[in-house]
Amino acid sequence: MASVARRETPLGHEDERELVELARGGDRDAAGTLLERHELLLFRTCRRLLPQGEDLEGAVQETMLRALRSLAGFTGEGNFAGWLAAIAVNLCRDKLRRRRLVPFLPLETPDEDDPDPLDFLPSSEPSPDRVAMAREAVAAMRCEVARLPRRQREVFALRFFTGLDLEGIAGALSVEIGTVKTHLHRAVHRVRAAVEEAKP
Amino acid sequence: MTIRHLRDDELDLALTGETLPAEVAEHLASCLVCRRRRDGFVAAVNGARGADPDDATRRRVREGALSAWGGTSRRRHWARWVAAAAAVVVLSLVPLLRSHTVTPKLNTDAVLVEVDAVLAQDPLSAVAPEDVVNTIVPAPVEAGEGS
């Protein structure tokens with residue numbers, strides 16, 4: 001799976017470092033370019049780590065603001081997308097902790113603007129059975145992801161819903177890549193089994 | 001000949017994007033059953049991911065963050081330079097304008113003479129009313145009075 005950061009960073013790390021430097025100096029245009037480049041990552045991260053009904057746009061905006069205000073803390077050595085994702089993850093954790101909410105992904109009430117799961121199936125003949133199976137698979141995935149232990153859920157969401165690579169996830173969660181792999185394998189094992197069970 | 005499909009752990013490796021052993025990768029590429037398992041998972045991921053926000057929403061959120069942060073636009077940089085140049089011009093003109101204005105001359109000698117005259121009469125009356133002066137410095141008692 002191609003990472004969001006790679007897809008949206010055609011100019012590479014050097015260019016990004018330059019943008020960060022400019023933004024540190026207060027250059028609004030450079031800051032805007034950086035945000036624009038990574039905003040989908042932030043939307044996807046917050047969307048999957050916050051419960052449905054939470055102010056998603058507010059969370060993303062707050063993440064962006066936190067990032068801009070702490071640009072001095074970015075050393076430039078790591079993955080900028082991972083650094084941004086770390087801010088988003090911490091903000092989501094703060095929000096959940098403050099509200100003492102158990103995070104969940106919508107099971108039976110998908111967002112209105114969600115694409116139909118059938119759009120992603122290879123065949124173009126959506127029989128009623130296939131429709132039902134695809135929806136059940138998506139529901140099973142959301143449900144199982146919501147049941148994962150926190151760290152596994154974060155790793156899974158960052159990998160599959162935001163498209164962050166392993167290095168970026170390690171940076172975002174401040175753990176070793178080996179730890180990311182371990183959590184990812186455990187999460188994938190559980191979620192895949194649930195999805196396959198939902199569509200025998 | 002029996003076909004060995006991917007075990008669960010091998011499929012998990014494929015899903016996480018790890019490098020598969022050559023024979024496993026080869027089998028996955030050619031086996032419809034195994035590919036369907038993999039593609040089913042990927043389809044569920046894409047369905048569960050949900051739709052991305054539209055451009056207008058993204059722009060609004062981004063601009064909100066930028067406004068709250070501050071920063072300086074390059075266009076604003078130019079505006080600031082122009083404003084600074086205008087301020088320099090105005091400030092440099094101020095002395096010229098002042099030189100043309102007529103300020104009334106203060107006759108300091110006359111004022112000093114007047115102040116000296118008042119102080120010579122009674123230094124305290126220059127700075128305090130008479131009743132205060134009398135309280136602080138009572139009038140001398142004449143001889144024989146009150147004895």
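The model is predicted, so local features need pLDDT of at least 70 and side-chain atom pairs count only at pLDDT 80 or more, while totals for chains, interfaces and linings use all residues. Residues are numbered from 1 along each chain as its sequence is written, and chains are lettered from A and ligands numbered from 1 in the order in which they are written.

**Chain B and its side of the interface**

- Chain B contains seven helices and zero strands, where helices (H or I, at least four residues) and strands (E, at least two) are DSSP runs numbered from the N terminus.
- Of its 147 residues, 15% count as buried, a term that requires 20 or more other C-beta atoms within 10 Å of the residue's own, with exposed meaning 12 or fewer, partly exposed in between, and C-beta atoms placed from the backbone.
- In chain B, 34 residues are in contact with 44 residues of chain A, contact meaning that the C-beta atoms, placed from the backbone, lie within 7 Å.
- The elements giving two or more residues to this side of chain B are α1 (8-16), α3 (32-49) and α4 (55-69), and α3(B) gives the most, with eleven residues.
- By class, the side of chain B that touches chain A has 14 nonpolar, eleven polar and nine charged residues; Ala, Val, Leu, Ile, Met, Phe, Trp, Tyr, Cys and Pro count as nonpolar, Asp, Glu, Lys and Arg as charged, and the others, Gly among them, as polar.

**Helix packing between the chains**

- Helix α6 (residues 128-147) of chain A packs against α3(B) at an angle of about 70°, with the axes 8 Å apart; axes are lines fitted to C-alpha atoms, for helices over the stretch in contact, and angles run from 0 to 180 degrees between N-to-C directions.
- The two helices, α6(A) and α3(B), are therefore roughly perpendicular to each other, given that 65 to 115 degrees counts as roughly perpendicular, under 35 as roughly parallel, over 145 as roughly antiparallel and the rest as oblique.
- Residues A:Ala134, A:Ala137, A:Val138, A:Met141 and A:Arg142 of α6(A) meet B:Gly40, B:Ala43, B:Ala44, B:Val45, B:Gly47 and B:Ala48 of α3(B), and this contact has eight nonpolar, two polar and one charged residues.

**Local features of chain A**

- The axes of α7 (residues 150-161) and α8 of chain A come within 10 Å and cross at roughly 140°, and α7(A) and α8(A) are therefore oblique to each other.
- A:Ser174, in the loop between α8 (166-173) and α9 (177-198) of chain A, has a positive phi of about 55° although it is not a glycine.
- A:Ser174 is exposed, with 11 other C-beta atoms within 10 Å.

Note on methods: Two residues are in contact if their C-beta atoms, placed from the backbone, lie within 7 Å.
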